[in-house]
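Trainee: I have a new model open and would like to go through it with you. Could you start me off with whatever I need to know about naming its parts?
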Amino acid sequence: MPKFYITTPLYYVNSKPHIGHSYTQIACDAVARFAKMRGEDVFFLTGTDEHGEKIEKATIERGFKQGEEKRFVDEIVPVFKDLWAKLGIGYDHFIRTTDDYHKRCVQSLLDKLYKEGKIYKKEYKGWFCTPCETFWSQTQAQGGVCPECKRPLEKLDEVNYFFKLSEYQSWLVDYINTNPDFIRPDFRRNEVLGFLKSEPLQDLCISRPKSRLNWGIELPFDRDFVTYVWFDALTNYISGAGYPHNMDQFNKLWPADFHVIGKDILRHHAVYWPIMLHAAGIKPPKSIFAHGWWTMKGEKMSKSRGNVVDPFDMIARYGIDAYRYFLLREVQFGLDGAFSEEAFVTRYNSDLANDIGNLLNRSLTMVEKYFGGKVPEGGQGPGARVQKGEELKTKASALAGELEKSVPNFDFMTALTKIWEVINIANKYIEDSKPWTLSKEGKTEELKTVIYDLTEALRIVSVAVYPFMPSAARNIHKQLGLGDDPRTMTLKSIRSWGGIKPGTRTEKPTPLFPRIDSKK
Ligand code: ME8
């Protein structure tokens, strides 16, 4: 069984998750589910980033005392876990950077790099962005604002430990050039190469003196310092896979197949992280995929800007499947997208209530009405099939192949468009073949064929939508009389036509996506 190791960022637990966080989770979940459907041995890692200034600050702001950070994060972590459970995020392991095994891994990595002379101590004069937890050089800090988030920077002048990032610049450029899949999409790779060409890399400040920050992992070689939160957090991708406490598992999983992130943290993942690994003698991950941002009124949706949409509220009003569908269908994964509830409702009513919802409802109603709730025998009699039926069969049988081309490349829009082509052909097939007329005219063989084709197309569609809308997929499968066991949702099961057996007892249709009155 080929292995597939995929990760999400570890989210800061300074406040509740918003749509942006759920976006990365849903995308990873869809790709991980798809890999499982192909029979791959999947390890899906997610978790929370719990140290650093941001968290220390949030602890105080929420009325806790300094030193009570763990108590504070212990209250927030379950909110993330609860949302992931509600959204059906099927991760295999949840890592917290406050977990002991993770802390030990960070310390062993620091120790190794220090002993090998790759970490040294010097005075640091420069700029720091607290919200981004990022250091910037004098040239980068134009006008004293963060080049990333445009907020004011803090000037720092203190003794710190540095990691010799600068020594690895040409190695990294070569690595990116010889591994074209390392940074994806392509335009993000060019962005990183452009940045690496434009200025020499500075060594990375990887410590904070305890006089300024207590809440972090202590440097093993100098207990007066804690480590920079990014050095800590990035290391989760190896500690969460078993390094160094479970090397059998780690050797099986590493290198990771995908680190999926938002474009805001590309530099940390595509520059700092591969260099940290290379310096420690560990291979870089195979691929980093950076997606775009959901924006609100032209600005990045973010906790610190306060322009966020609450995923709990959206799910409560529209359901999990619609929420997952909208995020993956509306915007090409990789690009930015403006979030609007109006667009959400429009897509819900057209794609979900009308297209897929009606198809299921009409088809099952006809199975009930014409065949007493049992799938009829299909494909009988010469000339029984109208042209649309042939088209439906061809397109539905090709879906598995289409998904294989698009989903592993995070091209959810193409995958869903292909599925909806099948749904739309099926709806058109009903209109063209007019089963009610076939019934009236006693053309039973033709009627059987049409109804069989519709149930079979729905079976294929139910499996095809599983990575994106797992509960709706199971619901359709169940209403078709095929049960709702996710283990039956395999890609193999939809590679050929004819999987639903004549005689299968279907259920009375229940609406999948009740229409939303947009005037409400
Ligand atoms: O950066 N649109 O955590 P974080 C799309 N702890 N995705 C968004 C988004 C938006 N408006 N806002 C956030 C951190 N995201 C670090 C990561 S990893 C070792 C450490 C998503 O809580 C997106 O995946 O700020 C982004 O990269 C991530 O949340 C940042 O989450």
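Mentor: Helices, of at least four residues, and strands, of at least two, are DSSP runs numbered from the N terminus, and please keep in mind that this is a predicted model.

Trainee: Let's zoom out. How many helices and strands are there in the protein chain?
Mentor: The protein chain has 18 helices and 16 strands. Its C-alpha atoms fill a box of roughly 90 × 45 × 40 Å, taken along the principal axes.

Trainee: What does the radius of gyration say about the chain?
Mentor: A compact globule of 520 residues would have a radius of gyration near 24 Å, and the protein chain, with 26 Å, agrees with that.

Trainee: Now helices. How do α13 and α17 cross?
Mentor: The axes of α13 (residues 341–371) and α17 (residues 444–464) come within 10 Å and cross at roughly 140°, and these two helices are therefore oblique to each other. The crossing of α13 and α17 is left-handed.

Trainee: Which residues in α13 and α17 meet there?
Mentor: On the α13 side you will find I356, L359, L360, S363, M366, V367, Y370 and F371, and they meet L447, K448, I451, L454, T455, L458 and V461 in α17. Sorted by class, the residues of this contact between α13 and α17 are 12 nonpolar, 2 polar and 1 charged.

Trainee: What about α11 and α12, at what angle do they cross?
Mentor: The axes of α11 (residues 311–318) and α12 (residues 320–330) come within 7 Å and cross at roughly 115°. In this pair, P311, M314, I315 and Y318 from α11 meet I320, A322 and Y323 from α12, and the contact of α11 with α12 has 7 nonpolar residues, with no polar and no charged ones.

Trainee: What is T506 in contact with?
Mentor: If we leave aside the neighbours within four places in sequence, T506 is in contact with L364, V367, G373, V375, Q479, L480 and G481.

Trainee: One last thing, what is the phi of K150?
Mentor: K150 has a positive phi of about 65° although it is not a glycine, and its place is in the loop between β5 (134–136) and β6 (154–163). K150 is exposed, with a relative accessible area of 56%.

Trainee: And which loop holds K434?
Mentor: K434 is in the loop between α15 (412–433) and α16 (435–440), and its phi is near 45°, a positive value in a residue other than glycine. At 39% relative accessibility, K434 counts as partly exposed.

Note on methods: Residues are numbered from 1 along each chain as its sequence is written. This is a predicted model: local features need pLDDT of at least 70, side-chain atom pairs count only at pLDDT 80 or more; totals for chains, interfaces and linings use all residues. Side-chain values use heavy atoms; hydrogens and water are left out. Contact means heavy atoms within 4.5 Å. Axes are lines fitted to C-alpha atoms, for helices over the stretch in contact, and angles run from 0 to 180 degrees between N-to-C directions. Angles under 35 degrees count as roughly parallel, over 145 as roughly antiparallel, 65 to 115 as roughly perpendicular and the rest as oblique. A crossing is left-handed if the near helix is turned anticlockwise from the far one by less than a right angle, and right-handed if clockwise. Ala, Val, Leu, Ile, Met, Phe, Trp, Tyr, Cys and Pro count as nonpolar, Asp, Glu, Lys and Arg as charged, and the others, Gly among them, as polar. The radius of gyration is taken over C-alpha atoms; the globule rule is 2.2 Å times the number of residues to the power 0.38. Buried means under 20% relative accessible area, exposed over 50%, partly exposed in between (1.4 Å probe, protein chains only).
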